[in-house]
Amino acid sequence: MENFNINRFGQALKCHFLVSRKSWIRIFGIYTLVMFVANLFFTRVAGWSYSKMEELYQGEELVTEYAHIVNEASSFCFIFFCFAMLFGASYLFPQMKDTRKRSAYLLWPVSNSEKYIISLLHSTILMAILTVVAIIAADALRVLVDAITGRVVVWGVPLYGRYITNAPEWQAVLMFVTWMFYYHSLYIVGGTLFRRFQFLSTSIVIVTVTILLMIIIKQTGLADIDYHLWDYEPTGEVFQYNGTTYDVKHAVYNPRFYFAILGGWLIIAAHYWASFKLFCRMQVINNKWLNV
């Protein structure tokens with residue numbers, strides 16, 4: 001069989017989506033409900049009393065103050081999006097739990113690379129789209145409840161623009177994205193390796209290995225090494241806090257930082273490649289807990 005055929009891949013991608021659409025609709029409903037409850041919690045339980053806000057503020061001031069409370073919910077939604085992407089990575093092969101479905105999937109008349117890319121697109125791209133739509137839907141439901149109960153209407157989705165307008169230097173953004181893809185690649189490997197409870201099993205392994213590495217680094221003295229990836233230099237500006245004047249500094253990244261980022265992406269690529277090779281080794285009859 002040809003290793004990769006774009007027409008066959010497109011048909012298989014459509015077929016896989018139609019077969020699994022019920023599970024994705026269920027996940028979308030769960031995500032929307034979780035986000036809706038979180039919005040209500042931050043605006044009606046954890047936030048400042050709305051009746052007291054009405055006593056102190058009117059008009060645009062009331063809208064501004066209520067936007068600060070809505071902003072807390074949008075921060076939670078951003079964190080939830082990150083965890084949803086990790087769960088989606090571990091949800092790479094949900095059809096591998098059942099022997100009948102496993103047999104049907106492995107005997108599917110498409111190449112291994114096509115099967116893997118289809119599952120990867122569903123667990124990553126589709127999961128991202130589904131989570132974003134769930135966040136928007138939950139925000140719309142919260143706005144509807146606010147309008148019905150007589151509160152001011154403040155949409156939370158536009159508040160995500162602050163992550164763009166207030167973004168730090170691009171090196172810091174690159175470092176954050178690298179760490180996100182690093183953990184995503186780990187959960188991709190876990191989603192391929194583990195047959196049951198993929199998210200929980202992968203999380204336990206990551207936490208266990210992290211603790212062991214911290215102990216080893218502490219015992220061997222590696223924690224005392226200054227890796228010196230960036231320096232801080234004054235910008236010439238100052239700011240005052242509690243009567244004290246501080247210099248404003250910005251980070252200056254040295255070549256070690258870029259080599260570390262490059263090494264991180266090489267490790268990420270290795271994780272994805274290892275996940276694909278593990279998938280190629282899958283059989284209908286496997287270990288009870290592992291896919292190999």
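Here are a few notes on the packing in this model, point by point.

1. First, the ground rules. This is a predicted model, where local features need pLDDT of at least 70 and side-chain atom pairs count only at pLDDT 80 or more, while totals for chains, interfaces and linings use all residues. Residues are numbered from 1 along each chain as its sequence is written, and side-chain values use heavy atoms, with hydrogens and water left out.

2. Start with the largest nonpolar core, which has 22 residues. A nonpolar core here is a set of buried Ala, Val, Leu, Ile, Met, Phe, Trp, Tyr and Cys residues joined through side-chain atoms within 4.5 Å; buried means under 20% relative accessible area, with exposed over 50% and partly exposed in between (1.4 Å probe, protein chains only). Phe93, Met96, Tyr116 and Phe279 have the most contacts inside this core. Two or more residues each come from α1 (6-44), α3 (60-90), α4 (99-106), α5 (112-148), α7 (170-193) and α9 (255-280), and α9 gives the most, with 4 residues. Helices are DSSP runs (H or I, at least four residues), numbered from the N terminus.

3. Take a look at Met96. Setting aside neighbours within four places in sequence, Met96 is in contact (heavy atoms within 4.5 Å) with Arg102, Tyr105, Leu106, Arg195, Phe279, Met282 and Asn291.

4. Now for α7 and α9. They pack at an angle of about 20°, with their axes 9 Å apart; axes are lines fitted to C-alpha atoms, for helices over the stretch in contact, and angles run from 0 to 180 degrees between N-to-C directions. That makes α7 roughly parallel to α9, since angles under 35 degrees count as roughly parallel.

5. Is Ser90 buried or exposed? Ser90 counts as buried, at 2% relative accessibility, and its place is in helix α3. A polar atom of the Ser90 side chain lies 2.8 Å from the backbone oxygen of Phe87. Beyond neighbours within four places in sequence, Ser90 is in contact with Tyr187, Gly191, Gln198 and Phe199. Ser90 and Leu193 are 103 residues apart in sequence, yet 9.5 Å apart in space, C-alpha to C-alpha.

6. Finally, Gln198, which has its place in helix α8 (residues 198-220). Gln198 is buried too, with a relative accessible area of 7%. Leaving out neighbours within four places in sequence, Gln198 is in contact with Ser90, Phe93, Lys97, Gly190 and Gly191. Gln198 and Trp289 are 91 residues apart in sequence and 9.4 Å apart in space, C-alpha to C-alpha.

Technical notes
Polar contact = N/O pair within 3.5 Å; in protein donor to acceptor, adjacent residues only side chain to side chain. Parallel < 35°, antiparallel > 145°, perpendicular 65-115°, else oblique.
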